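Biologist: Please take me through the helix packing, a pocket and the backbone of this protein.

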Amino acid sequence: NDRYSETDLNVMHGDPEFGETLSAADVEDARALVCDVDDETNASIVLAARGMGVEDAELITFVEDPDIAAYHRYAGADDVFSPRQLIGESLAKKVTAGVTPELDGAIEIAEDFDIVELPVQAGSEIVGRTVGDAGIRERTGANIVGAWFRGEFASPPPPGARIDEQTILVVAGRERQLERLKELTLSERRRRDGGPVIVAGYDEVGTTVVREIGGAVETVVVDRRDVDGVDVVGDVTTEETLHEARIDEASTVIIAISDDTTTVFATLVIRELNPDVEIIARADATESVRKLYQAGADYVLALATVSGRMLASTILDEEVISFDQQVEIVRVDCGSLVGRTLAEADVRART
């Protein structure tokens, strides 16, 4: 593919299902072979590699359908990743976390010390206040590590930065401190009035979202296909379909569509029809994340980011603590910093 060649990546043309192609790519000397074509082809590539006697390379496959994972392992895959399922679970957590003060999705750094992303809901008491005026450290004891402002990450966030309904705080502290802070980020109106959650798109991501939400809140599923589980058949970018799905009453819309262009346009339409609804979106490409925030999404999770972190953790042996947060959390040794004070290390200025 020419677009990869133009980015200084080594590109080879050939059918990866054939041993001669894999041999020309020096698979025998490779650290890993990553198969990311489609569910059936990926299994065929693994069989081809094993048939050549490849033993040292780690064979990694991706699957859209988690039920296929077992067959990839039968074929000889060492690791089988299902990032779409993980994204569906993560998007569902954002919904259930938004209606309860309990922490969900917190990453444990040490005993009783966690880091978590907290989206700020429209109508919460800190919306409209600056980071400095909100007094989060004084009121809760939690520390703001960073914050996303409409898709732009700041660490640490400047005291004069204004918090709005598209701000996501990245905070660290003890569980009771983080629970107090989460109370400040929730909307009393949303918890009181409720409203259905619209799930747009019913492929692997959408079905996982609905399954994970369970009976926690009412869901309305929208898809172009008339299949079991779909409540409204239609195009989520049209006002008619969205009104049928009760967009006026909805508390949240989860856009789980595989086409990023459609997701961006749907976000624009949804935000126009209901300025207060929470929009949580899946993006296939990282380049689409900023566009979605500009279009009005409150939270975006990119499939490419989750997939990349899975690969980094496996191939590079990085201890990635969380695949599905917007910031990558890793645990590293102190190295040459041992013996220095925090001020002397000056890590933020140097890195």
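Biologist: At what angle do helix 12 and helix 13 pack, and is that roughly parallel or roughly antiparallel?

Modeller: In this predicted model, helix 12 (residues 260-273) and helix 13 (residues 287-295) have axes 9 Å apart and an angle of about 15°. Axes are lines fitted to C-alpha atoms over the stretch in contact, and angles run from 0 to 180 degrees between N-to-C directions; helices are DSSP runs (H or I, at least four residues), as are strands (E, at least two), numbered from the N terminus. Because angles under 35 degrees count as such, helix 12 and helix 13 are roughly parallel.

Biologist: Which residues of helix 13 make the contact with helix 12?

Modeller: Contact means heavy atoms within 4.5 Å. Helix 12 contributes Asp 260, Thr 263, Val 264, Thr 267, Leu 268 and Arg 271. From helix 13 come Ser 288, Lys 291, Leu 292 and Ala 295.

Biologist: What limits apply to these values?

Modeller: Local features need pLDDT of at least 70 and side-chain atom pairs 80 or more, whereas totals for chains, interfaces and linings use all residues. Residues are numbered from 1 along each chain as its sequence is written, and side-chain values use heavy atoms, without hydrogens and water.

Biologist: Which elements give two or more residues to the lining of the second largest pocket?

Modeller: A pocket is an open set of points on a 1 Å grid over the protein atoms alone, where a 1.4 Å probe fits, with protein on both sides within 12 Å along at least five of seven lines; lining residues have an atom within 4 Å of a point. Among its 22 lining residues, Val 145, Val 330, Val 332, Val 347 and Arg 348 are closest to the centre. The elements are strand 5 (113-119), strand 16 (329-330), helix 15 (342-345) and helix 16 (347-350).

Biologist: Which residues does a cis peptide bond join?

Modeller: Most peptide bonds are trans. Pro 156 lies in the loop between strand 7 (152-154) and strand 8 (167-173). With omega about -10°, the cis bond joins Ser 155 and Pro 156.

Terms used:
Parallel < 35°, antiparallel > 145°, perpendicular 65-115°, else oblique.
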